[in-house]
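Please look over the sequence and the structure shown below before reading on.

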Amino acid sequence: MISVALAKGRLANESAELLEKCGVDASVVFSDTRKLVLESPDKKFSFFLVKPADVPTYVEYGIADLGIVGKDTLLEHEKDLYEMLDLKFEPCRLCVAGYPEKKELLTNPHLRVATKYVHTARKLYAERGEEVEIIPLNGSIELAPVTGLSDVIFDVVQTGGTLRANGLVVLEEVFDISARLVVNKVSLKTKAGEILPLIDKMREIVG
Ligand code: PRP
């Protein structure tokens, strides 16, 4: 049996749709259930529905052979696994955003940056040799510059709707993000017969 960790929510559904196109019976993923371990009717696959940030952990430890998760999560939770394929769905960007009239803030040595991507932001500014104050938040990041908690935010932008609704703009695009297929390093060897053809099919479909 091949186990697959999926990020609960929209990403899980899109992941299951892709798996179905590859001939995997992932229909259980669409079922309205509180069960967290779902088995395909043919017992060839099991699916774990977990928080996005936990997908890399399940894959690193080999509890899941495969995982499908956003690149933003992989950047934030650097784990020992193989990132095999850009699946190209759920495209978005990791950006610095803020008020348009405050672009000069970007060079402020005491810039306050609110984000839920604390590790990624710290790494980014450290690589640039810029000292900034990172303010960790868990959600509704756009509220930080609106209320004066931070000067800018470092966050994912998908449609840009949340920024627009709050009078904010993208000041800098830093990373292109999309869903990625990740694979446990040992599983890739021990279950190569099942995993490699599946990766080939996925590659063919996503182009
Ligand atoms: C994410 C992100 C932005 C928003 C971007 O938040 O943090 O707030 O989506 O999407 P948009 O560009 O299409 O508006 P999410 O909806 O995951 O909720 P959160 O605020 O609780 O993190």
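The structure is a predicted model, and its protein is built with 8 helices and 11 strands. A ligand is present, and it sits in the largest pocket.

**Overall picture**

- Taken along the principal axes, the C-alpha atoms of the protein fill a box of roughly 55 × 35 × 30 Å.
- The protein has 207 residues, of which 46% are buried.

**The shell around the ligand**

- The residues that surround the ligand are Lys-116, Gly-139, Ser-140 and Glu-142, together with Asp-155, Val-156, Val-157, Gln-158, Thr-159, Gly-160, Gly-161 and Thr-162.
- By residue type, this shell divides into 7 polar, 3 charged and 2 nonpolar residues.
- The ligand sits in the largest pocket, and the elements that give two or more residues to the shell around the ligand are the strand β9 (152-157) and the helix α6 (161-165).
- The largest share of the shell comes from β9, which gives 3 residues.

**Polar contacts and cover of the ligand**

- In the side chain of Lys-116, an N or O atom lies 2.2 Å from an oxygen atom of the ligand.
- For Asp-155, the distance from an N or O atom of the side chain to an oxygen atom of the ligand is 2.6 Å.
- Thr-159 also takes part through its side chain, where an N or O atom is 2.5 Å from an oxygen atom of the ligand.
- On its own the ligand has 500 Å² of accessible area, and the protein covers 64% of this area.

**A buried loop residue, Asn-184**

- Asn-184 lies in the loop that runs between the strand β11 (179-183) and the helix α7 (185-190).
- Because its relative accessible area is 6%, which falls under the 20% cut-off, Asn-184 counts as buried.
- The side chain of Asn-184 reaches the backbone nitrogen of Ser-187, at a distance of 2.9 Å.

**An exposed loop residue, Pro-41**

- Pro-41 is found in the loop between the strands β2 (37-39) and β3 (45-50).
- With a relative accessible area of 55%, which is over the 50% cut-off, Pro-41 counts as exposed.
- Pro-41 and Gly-161 are separated by 120 residues in sequence, and in space they are 40 Å apart from C-alpha to C-alpha; Gly-161 is one of the residues that surround the ligand.

Key:
Residues are numbered from 1 along each chain as its sequence is written. This is a predicted model: local features need pLDDT of at least 70, side-chain atom pairs count only at pLDDT 80 or more; totals for chains, interfaces and linings use all residues. Side-chain values use heavy atoms; hydrogens and water are left out. A residue is near a molecule or strand if one of its heavy atoms lies within 4 Å of it. A polar contact is a pair of N or O atoms within 3.5 Å; within protein, one must be able to donate a hydrogen and the other to accept it, and residues adjacent in sequence count only if both atoms are side-chain atoms. Accessible areas come from the Shrake-Rupley method with a 1.4 Å probe; for residues, only the protein chains shown count as cover. On a 1 Å grid over the protein atoms alone, a cavity is a set of points where a 1.4 Å probe fits but cannot get out, and a pocket is an open set with protein on both sides within 12 Å along at least five of seven lines; lining residues have an atom within 4 Å of a point. A molecule sits in a cavity or pocket if more than half of its atoms lie within 2 Å of its grid points. Helices (H or I, at least four residues) and strands (E, at least two) are DSSP runs, numbered from the N terminus. Ala, Val, Leu, Ile, Met, Phe, Trp, Tyr, Cys and Pro count as nonpolar, Asp, Glu, Lys and Arg as charged, and the others, Gly among them, as polar. Buried means under 20% relative accessible area, exposed over 50%, partly exposed in between (1.4 Å probe, protein chains only).
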